[in-house]
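Grab a pencil and open the viewer. Let's work through a few exercises on one protein fold, step by step.

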Amino acid sequence: MKIIHYSYKKRGRIEFWFDQWPNSPVVFTPIKDYYFIRVVKWNQLDPLVTRIDLGEMELMVNKYLGREQHYLQRKYFHNDQLKLPK
C-alpha cells in the first residue's frame with residue numbers, strides 16, 4: 001500500500017488517497033499528537049476496506065507525517081496481545 005496523493009482540509013484534517021483505493025479518499029483528523037481515521041469516503045469502484053487496512057493506513061500516515069512515536073504510545077498498543085500492523 002502506498003500514498004498516492006494528499007490534501008489539507010479545514011480544522012487540521014488531511015485527506016489521503018492510497019494506491020489500492022484510488023477512488024476512495026480517507027479523511028484523517030488530529031487527536032492529541034497523532035492522526036486518526038475520521039471517515040473513508042468509499043467508492044464502489046474500489047475494493048472494501050477492512051479493519052486491518054485501516055490500521056495500516058493510520059500507521060503509514062503517522063509515519064509519513066513524523067508522528068509515529070506518538071501514535072505507537074496509544075493505550076491500544078500497550079496490550080500484550082495486540083500486534084502492530086505490517
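This is a predicted model: local features need pLDDT of at least 70, side-chain atom pairs count only at pLDDT 80 or more; totals for chains, interfaces and linings use all residues.

Residues are numbered from 1 along each chain as its sequence is written, and side-chain values use heavy atoms, with hydrogens and water left out.

**Exercise 1.** List the elements of the protein from the N terminus on.

*Solution.* Start with the counts: there are two helices and four strands (DSSP runs, H or I of at least four residues for helices, E of at least two for strands, numbered from the N terminus). Now put them in order, and you get β-β-β-β-α-α.

**Exercise 2.** Work out the strand order of the sheet and find its edges.

*Solution.* Step one: the four strands form an open sheet, ordered β1-β2-β3-β4, with antiparallel pairing. To count as a pair, two strands need at least two DSSP bridges. Step two: β1 (3–8) and β4 (34–40) each pair on one side only, so they are the edge strands. Step three: zoom in on β2 (residues 14–18) and β3 (residues 21–31), which are joined by four bridges. There, Phe16 sits opposite Val26 in β3.

**Exercise 3.** Which strands does helix α1 touch?

*Solution.* Follow residues 51–64, which make up helix α1. This helix packs on the sheet and touches β1, β2, β3 and β4 (contact means heavy atoms within 4.5 Å).

Methods. Axes are lines fitted to C-alpha atoms, for helices over the stretch in contact, and angles run from 0 to 180 degrees between N-to-C directions.
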